[in-house]
Amino acid sequence: MANHSLSPDIKEVYSKRRWPNIIGAFMLGVLITACNSDNSEETTEEIPDSSGPNSEACKSAENTTQVTDAGVEYMVTPEACFDSLPGYEFAANYVEIDGLSMHYVDVGPVDGDVVLLLHGQPSWSYLYRKMIPILAEAGYRVIAPDNIGMGKSDKPVDVTIHQFEQHVAWTKAFIDKLQLTNINLFVHDWGSLFGLRIAGEISHHIARLVVANGNLPIIPPGKNPYIYPSFELDESLGDAATFFASRSSDQVEGFQQWIDYASSVPELLAGDVVQVLTVYQLTDEEISAYNAPYPSIDYKAAIRAFPAMFVDIEMQNIIAWQTLGAFHNPFMFNAGEFDRGLGSEENQQKWIEHVPGSDGNDHRRFLAGHFIQDDVGEELAIHLLNFLRSTTPEEPLRAGGPSFNFRYCEILLSYQDGSSIKAEIWGTPGVNYCPQAQWEALDLSDIAAEYDALSAIPNGPRFFVVDENLGGDIILPSPDDEYRLFGELEMRLLTSVDLTDSQGEDVAYVPGKVLRDNIWLFYEGRRVYELTDINGQVYIMQSFSRLEDANLQMDDLKHLGARLNLPEGWTFRSRILNEPLQVSAIDGIALVLKDDLGNSYQLVP
């Protein structure tokens with residue numbers, strides 16, 4: 001389970017939802033009493049289950065470890081533990097990843113469009129039991145893997161092997177092994193942390209993307225507030241219901257408590273955690289089914305360690321986040337109303353605004369908790385089907401490099417230099433991502449006066465269209481950089497530009513000479529945007545701007561020609577590269593111009 005919290009009024013919802021179960025239990029008790037009234041001395045002996053997670057065959061399993069060729073110790077949950085699980089009658093499939101068997105459900109037509117369902121902690125593919133049949137019967141090939149260490153997959157016993165990057169690699173290897181392409185990806189909880197990261201890395205293989213109570217965290221270097229636990233068992237810790245009822249409402253403190261609890265409680269029962277974080281009452285058999293993979297604590301390294309994986313997350317997800325910010329294929333975010341963390345309106349809206357493919361889709365908030373698949377699985381599956389049937393993927397999106405869709409801002413301070421007008425270019429690349437509130441708060445006249453400049457010209461927010469910056473110091477700072485505060489926004493000196501031809505103004509379609517020693521790299525398969533002037537010279541877009549259009553997205557650029565007021569004889573075109581493209585300056589000077597929306601282009605030599 002990733003970082004999230006419950007609505008304070010969820011207990012009221014629980015009480016309303018659980019009355020039918022309470023009444024049913026009461027009526028069953030009345031019937032049993034009536035049937036036994038003729039022989040009050042008669043007692044019944046409890047007969048142990050002959051199969052499933054409560055059977056002797058499961059409970060008495062020997063805790064025997066095996067070892068991969070790489071020396072990783074692991075355990076295999078006895079098959080008897082998975083017998084007779086309610087609603088879960090799917091054939092088992094396995095693929096080997098790094099010497100470990102990874103289990104997955106694979107149902108529906110083998111040639112059907114793929115729907116890949118990723119789960120989190122402490123659940124397993126059992127979470128999707130209500131959704132799988134509906135999707136498969138509709139003609140989709142439905143694949144639901146169990147994370148290594150969970151469900152029917154092999155279970156490494158060392159808690160330290162369960163690291164975020166390791167699970168990203170295992171999940172990506174699973175997709176590669178099955179040779180999945182054109183994927184309709186559905187992600188939840190930790191499955192969203194893995195899945196969104198991977199979607200950003202293989203975006204050309206993602207047809208549609210759906211998040212249900214999920215996120216992709218990005219934490220500035222040195223700012224991760226969480227502490228890795230000791231994993232020492234604490235006998236004083238109570239059950240999951242007691243823990244969640246007393247957990248801090250502060251997001252950071254509360255999640256640290258979850259890290260510590262999951263790692264140290266002697267009886268971390270997956271079914272109890274799922275029950276606490278759902279609205280509807282699970283049956284005892286369903287709770288046992290969630291516990292089935294873990295006959296003893298020796299099998300629980302993964303579900304104990306997953307929350308602690310947050311400790312190592314900083315900036316490794318930023319490239320995936322930037323790529324998803326240009327993802328133009330269909331995207332949908334669904335949320336459980338009572339998940340105030342991953343399912344919060346704020347988090348949902350953040351993703352809707354970030355991903356261009358979200359436009360026009362039915363992003364819902366269900367009467368559900370964190371484990372939305374258990375609360376409203378059938379309804380969610382039907383909603384997903386409607387989304388799949390009503391949307392059409394466009395061209396694949398080539399996964400971006402470190403500069404692709406990188407957000408930044410600049411301020412140009414212009415000065416008279418003899419008969420020329422030069423401008424210093426100050427910017428946020430390598431410093432911050434230009435927070436919108438700080439950018440909007442800038443007073444440009446005050447800035448010009450403070451630095452004795454002719455003018456302070458705003459340039460942003462901007463987003464790079466290029467994939468990489470080879471050499472130079474446009475993106476990455478150097479020890480000799482000069483920094484300044486503009487209001488509360490810190491920037492560094494990037495380079496300078498000659499604005500003589502435009503008389504010191506930021507004029508559209510008039511080139512300026514920029515000191516530049518880097519090379520822009522565009523990947524093969526990247527869509528690029530070009531201006532050709534009246535003399536046949538080609539300028540390729542290096543970044544797009546929201547200075548004139550606050551809602552401009554990467555995916556809007558291919559239709560930009562219809563919006564530009566081009567000079568006579570100029571043309572705009574968009575094309576997809578069939579090989580990588582490098583664009584460099586000539587003798588350290590790049591000719592750079594802007595269109596009338598502020599998007600910047602560099603002359604291609």
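What covers the buried residues of α9? The answer includes α8 (270–276) and α13 (372–390). The legends below refer to a predicted model, in which local features need pLDDT of at least 70, side-chain atom pairs count only at pLDDT 80 or more, and totals for chains, interfaces and linings use all residues. Residues are numbered from 1 along each chain as its sequence is written, and side-chain values use heavy atoms, with hydrogens and water left out.

**View 1. Helix α9 and its cover.** Helix α9 spans residues 284–291; helices (H or I, at least four residues) and strands (E, at least two) are DSSP runs, numbered from the N terminus. Six of its eight residues are buried, so α9 is largely enclosed by the rest of the structure. The buried residues are Glu286, Ile287, Ser288, Ala289, Tyr290 and Asn291. Buried means under 20% relative accessible area, exposed over 50%, and partly exposed in between (1.4 Å probe, protein chains only).

**View 2. A salt-bridge network that includes Glu286.** Salt bridges that share partners join Glu286 with Arg129, Lys130 and Asp374 in one network. A salt bridge is a side-chain nitrogen of Lys or Arg within 4 Å of a carboxyl oxygen of Asp or Glu. The whole structure has 22 salt bridges.

**View 3. The salt bridge between Asp106 and Arg141.** The two side chains meet at 2.7 Å, N to O. Asp106 belongs to strand β4 (residues 100–107) and Arg141 to strand β6 (residues 141–145), so that the pair, 35 residues apart, links distant parts of the chain. Asp106 is partly exposed at 23% relative accessibility, whereas Arg141 is buried at 16%.

**View 4. The salt bridge between Glu394 and Lys558.** Here the N to O distance is 3.0 Å. The partners, 164 residues apart, both lie in loops: Glu394 between α13 and β12 (407–417), Lys558 between β21 (538–545) and β22 (571–576). Glu394 is partly exposed, with 42% relative accessibility.

**View 5. The largest pocket.** This pocket (on a 1 Å grid over the protein atoms alone, an open set of points where a 1.4 Å probe fits, with protein on both sides within 12 Å along at least five of seven lines) has a volume of about 1600 Å³. Its lining, meaning residues with an atom within 4 Å of a point, holds 48 residues, and Asn215, Trp321, Glu346, Asn347 and Lys350 lie nearest the centre. Helices α7 (251–264), α11 (318–324) and α12 (345–354) each give two or more residues to the lining, with α12 giving the most, five.

Terms used: Grid points are joined across faces, edges and corners, and a volume is the space filled by probe spheres set on the points. Contact means heavy atoms within 4.5 Å.
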